[in-house]
Amino acid sequence: MELSKAFDIIMAGLISGIVAFTTQKLGVGGTALGAVLGSMLYQLLSHYLREPLGNVKTRVVEDKIVFTIPLIIILIIEVINFLANFYWRSESILYLLEGVTHWNLFRSMGLGLLIMGLYPLFRADEIKRTHGYLLIFAGLLLLLRGFIDVNSSIVRLYSLLFYQFDALISVIIIAILIYVIAVIFNESIVIITEDKR
C-alpha cells in the first residue's frame with residue numbers, strides 16, 4: 001500500500017512537471033496539452049507499474065479523476081469560446097488565450113482530445129469505448145476549427161460551416177465534455193454499505 005501511495009506522489013510531481021514544461025513552451029494551449037499528456041502517462045504507468053508494485057487491485061478511482069482534469073480545462077475554454085459569441089469580455093479572454101498560444105489553442109485542444117479519445121479504445125475496462133469515440137469526435141471538431149485560419153482548398157470546403165454554426169458546434173462539444181466528465185465521475189463514486197446482521 002505504501003508503494004502505491006509513493007507512486008501517486010511521484011506521478012503527481014511528474015504530471016506537474018509536464019504541464020509546467022508544455023505551458024512554458026506552448027503557452028496556455030500547452031497547459032491543456034500538458035494536462036492531457038500527464039494524464040495519459042499516469043494512466044499507462046499506473047496500469048503497468050502500480051499493480052505489480054503495490055499488488056493492489058482497486059477500481060482505480062484516482063486514474064479516472066486524473067483523466068477528467070484535462071477535459072475540465074478544455075471544457076472551461078470551450079465555454080469561454082461559446083460565450084464569446086454573445087459577450088465581448090469572453091471574446092477578449094478568448095483572443096488573449098489564442099494570442100498566448102500563437103493561435104494554436106484549438107489545434108492543441110483538438111489534438112489533446114484525440115489522444116484522450118484513443119485511450120479508452122485500448123483500456124475499455126477502465127473507461128468505456130463510447131466515451132473514447134465521443135472525445136475523438138469532439139477533438140476532430142476542435143481540430144477542424146483550429147485550422148480555419150489556414151489558406152487551403154480543403155479548409156475552404158468546411159470553414160463556412162464553422163462560421164455559420166460555431167455556437168451550435170460549441171454547444172455540441174460542451175455537451176460531449178459535460179456528459180463524459182459526469183459519467184466518469186459517476187462511475188468513480190463507489191458507495192459501500194456495511195452489511196449488519
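Is glutamate 78 buried or exposed, and which of the two is arginine 145? Glutamate 78 is buried, and arginine 145 is buried as well, where buried stands for under 20% relative accessible area, exposed for over 50%, and partly exposed for the range in between, with a 1.4 Å probe and protein chains only. I shall return to this pair after an overview.

The model before you is predicted, so local features need pLDDT of at least 70 and side-chain atom pairs count only at pLDDT 80 or more, while totals for chains, interfaces and linings use all residues. Residues are numbered from 1 along each chain as its sequence is written, and side-chain values use heavy atoms, with hydrogens and water left out.

First, the overall architecture. The protein has 7 helices and 0 strands, helices being DSSP runs of H or I with at least four residues and strands runs of E with at least two, numbered from the N terminus. Read from the N terminus, the order of elements is α-α-α-α-α-α-α. Of the 197 residues in the protein, 45% are buried. Among contacts with a separation of 6 or more, 68% are between residues 24 or more positions apart; contact here means heavy atoms within 4.5 Å.

Let me turn to the salt bridges. The structure contains 3 of them, each defined as a side-chain nitrogen of Lys or Arg within 4 Å of a carboxyl oxygen of Asp or Glu. In the pair from my opening question, glutamate 78 bridges to arginine 145, with the closest N and O atoms 3.0 Å apart. Glutamate 78 belongs to helix H3 (residues 61-83) and arginine 145 to helix H6, so this pair ties together parts that are 67 residues apart in sequence.

Arginine 145 also forms a salt bridge with aspartate 166, and the closest N and O atoms are again 3.0 Å apart. This pair links distant parts of the chain, with aspartate 166 in helix H7 and arginine 145 in helix H6, 21 residues apart. Aspartate 166 and arginine 145 are both buried.

Aspartate 149 sits in the loop between H6 and helix H7 (153-188) and arginine 107 in helix H5, so the pair ties together parts 42 residues apart in sequence. Aspartate 149 is exposed, at a relative accessible area of 52%.

Which buried residue has arginine 107 as its nearest side chain of opposite charge, yet no salt bridge? That residue is glutamate 98, and the distance to arginine 107 is 7.6 Å; for charge, Lys and Arg count as positive and Asp and Glu as negative, while His and the chain ends are not counted. Glutamate 98 is part of helix H4 (residues 88-100). Apart from neighbours within four places in sequence, glutamate 98 contacts Trp103, Asn104, Leu105 and Phe106.

Next, helix packing. Helix H5 (residues 105-122) packs against helix H6 (residues 129-146) at an angle of about 160 degrees, their axes lying 7 Å apart. Axes are lines fitted to C-alpha atoms, for helices over the stretch in contact, and angles between N-to-C directions run from 0 to 180 degrees. H5 is therefore roughly antiparallel to H6, given that angles under 35 degrees count as roughly parallel, over 145 as roughly antiparallel, 65 to 115 as roughly perpendicular and the rest as oblique. The residues in this contact include Phe106, Arg107 and Met109 of H5 and Arg129, Gly132 and Tyr133 of H6.

For H6 and H7, the axes come within 9 Å and cross at roughly 150 degrees. These two helices are therefore roughly antiparallel to each other.

Finally, two buried residues. Threonine 68 lies in helix H3 and is buried, with a relative accessible area of 1%. Not counting residues up to four places away in sequence, threonine 68 touches Ile181, Ile184 and Phe185.

Isoleucine 127 is located in the loop between H5 and H6 and counts as buried at 1% relative accessibility. Leaving aside neighbours within four places in sequence, isoleucine 127 is in contact with Phe67, Tyr119, Pro120 and Ile184. The C-alpha atoms of isoleucine 127 and valine 183 are separated by 9.7 Å, the two residues being 56 residues apart along the chain.
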